[in-house]
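Please keep the sequence and the model in view while reading.

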Amino acid sequence: MLKLLHTADWHLGRRFSFFPEEGQKKLSRARMDVVTKILEVARRNAVNAILCVGDIFDDPDPTPDFWQGLAKIFRTHPGTHPPLFLVPGNHDPLTPDSVWAPGHPFRAQLPEWVHVVDRENFTYELSPTAILYAQPCQSKAGEKDLAMTLPAREPDDERLRIGCVHGCTFDVPGYQTNFPISRDAGIQRGLDYLAIGDAHSFRDVTESVLVPTVYPGAPEPTGFDDRGAGHVALVAMFRRGLRPRVDAEKVAFWRWIEVRCRDMNELRNLLTTPDLDRHVVRLRLDMTVSLAEESEVERILSDLRGTDATHGRAGVLVEDRSGLRLQTGSGNAFPKDLPPVLMDTVTRLDGLVADATEEWERARATRALAHLYKLLQSRDSIGGHGR
């Protein structure tokens with residue numbers, strides 16, 4: 001039996017500019033950390049080869065932090081290793097000035113068991129009975145089906161044949177794919193397994209045919225739409241003519257979720273999510289709250305995102321408060337024993353809300369009530385600490 005670990009779309013160096021700065025760092029570091037996890041999964045499963053099929057870096061010329069960091073992971077990971085193959089994709093194509101070029105310092109730092117697919121018609125004999133074929137992307141966009149450029153099986157060739165290319169099998173009439181891959185390319189070229197990359201969710205494109213064509217997906221999600229991301233593919237190949245077994249193995253640290261809260265109970269329940277500190281949360285508040293509830297909303301959000309002195313309950317948080325609305329008027333939120341001058345202020349503001357003919361007038365008076373309510377809460381909090 002020949003065993004492979006198939007991975008793709010690491011996107012090392014990707015920036016997450018729509019997150020807070022600390023969240024950006026967490027997500028960028030996780031893309032590096034998962035490489036070590038992948039190597040550990042490969043060792044635990046005693047694979048014969050590791051196939052990394054495209055978009056290893058998010059850019060063909062990543063900053064030194066990322067290519068030096070990857071080379072260091074490879075050099076310092078303990079023990080012996082099976083051969084590992086790095087195939088340039090459309091995000092990080094093989095060009096004369098890319099990180100994959102023979103003269104780039106990244107290449108000199110790689111250990112001998114790491115192989116870069118830096119030429120067309122790349123072949124590697126994994127064993128006397130198994131051979132690997134690979135083609136790199138040499139530009140960010142292209143119309144060539146790289147899978148169909150792999151050599152066809154000769155009539156007397158009984159070896160296990162594995163192909164590696166990066167591209168898209170999404171085919172809709174009138175839609176221009178980038179590096180299109182024919183769904184039956186594996187069969188046409190006489191392969192036993194076609195390892196591909198590009199889509200970020202795990203998917204066996206050809207579940208009903210003899211030759212699996214598989215996207216392993218990104219090992220760490222890159223966005224909220226990557227529903228099936230976070231895995232590598234473990235492939236067991238037995239003999240020619242018998243379909244390989246392909247299993248998804250989870251490796252991701254982060255889980256990305258979108259949460260829409262339409263009332264306070266839904267927001268409170270978010271705090272009970274198991275392993276919330278391993279979640280990237282996009283939170284949309286779509287609800288109307290009272291003055292007292294607005295203060296609770298602020299406390300929960302502070303708890304989720306953290307402060308300069310405390311870690312947040314959520315690993316990474318993005319807030320959309322555009323749908324958060326405040327009930328008009330005080331709504332009996334203030335205590336009855338307020339000093340007369342404050343009670344008179346509340347009464348006057350409630351009167352402005354009731355008499356307002358324009359929405360902006362009503363909103364301005366309500367916001368003034370909210371500001372007064374927060375000031376009183378702040379005063380009570382300080383008094384409660386003996387100040």
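A cavity, on a 1 Å grid over the protein atoms alone, is a set of points where a 1.4 Å probe fits but cannot get out. The model discussed here is predicted.

## Enclosed and open space

Rolling a probe the size of a water molecule over the atoms shows where empty space is left. In this structure there is one cavity of 30 Å³ or more, and the largest cavity holds about 50 Å³ of space. Its lining consists of Leu 39, Ala 42, Arg 43, Ile 50, His 77, Thr 80, His 81 and Pro 82, with helix α1 giving the largest share, three residues.

The largest pocket, for its part, contains about 320 Å³ of space. It is lined by 16 residues, and those nearest the pocket centre are Glu 22, Lys 26, Arg 305, Gly 312 and Gly 315. At least two lining residues come from each of α1, α6 and β15, while the largest share, three residues, is supplied by α1.

## Strand β1 and its partners

Strands of a sheet pair through backbone hydrogen bonds, either parallel or antiparallel. Strand β1 takes part in both kinds of pairing: with strand β11 (residues 231-237) the sense is antiparallel, over five bridges, whereas with strand β2 (residues 49-53) the strands run parallel and are joined by four bridges.

Five of the six residues of β1 are buried, so the strand is largely enclosed by the rest of the structure. Strand β11 is mostly covered as well, with six of its seven residues buried.

## The open sheet of β13, β14 and β15

A separate heading is given to the three strands that form an open sheet in the order β13-β14-β15, with parallel pairing. Strands β13 (255-261) and β15 (316-326) stand at the edges and have a single partner strand each, so one side of each is left without a neighbour in the sheet. On average, and with direction ignored, neighbouring strands of this sheet are turned by 5° against each other.

Between β13 and strand β14 (residues 279-289), which run parallel, there are seven bridges, and one of the partners in β14 is His 279, which bridges to Arg 255. Helix α6 (residues 291-305) lies across β14 and β15, and runs at about 170° to β15. Both α6 and β15 also return in the lining of the largest pocket, to which each supplies at least two residues.

## Loop residues

His 11 lies in the loop between β1 (2-7) and α1 (21-44). At 0% relative accessibility, His 11 counts as buried, because the cut-off for that class is under 20%. Leaving aside neighbours within four places in sequence, His 11 is in contact with Arg 31, Asp 55, Ile 56, Phe 57, Asp 58, His 91, His 200 and Thr 222.

One of these contacts, Asp 55, is placed in the loop between β2 and α2 (64-76) and is likewise buried, with a relative accessible area of 1%. Most residues other than glycine have a negative phi, and most peptide bonds are trans. Asp 55, however, has a phi near 55°, a positive value in a residue other than glycine. Asn 121, in the loop between β4 (114-116) and β5 (122-127), also has a positive phi, of about 55°, although it is not a glycine.

Is Glu 143 buried or exposed? Glu 143 belongs to the loop between β6 (130-134) and β7 (160-166), and with a relative accessible area of 66% it is exposed. Along the chain Glu 143 and Gly 167 are 24 residues apart, and their C-alpha atoms are separated by 9.8 Å.

Key:
Residues are numbered from 1 along each chain as its sequence is written. This is a predicted model: local features need pLDDT of at least 70, side-chain atom pairs count only at pLDDT 80 or more; totals for chains, interfaces and linings use all residues. Side-chain values use heavy atoms; hydrogens and water are left out. Buried means under 20% relative accessible area, exposed over 50%, partly exposed in between (1.4 Å probe, protein chains only). Contact means heavy atoms within 4.5 Å. Two strands pair if DSSP finds at least two bridges between them. Axes are lines fitted to C-alpha atoms, for helices over the stretch in contact, and angles run from 0 to 180 degrees between N-to-C directions. On a 1 Å grid over the protein atoms alone, a cavity is a set of points where a 1.4 Å probe fits but cannot get out, and a pocket is an open set with protein on both sides within 12 Å along at least five of seven lines; lining residues have an atom within 4 Å of a point. Grid points are joined across faces, edges and corners, and a volume is the space filled by probe spheres set on the points.
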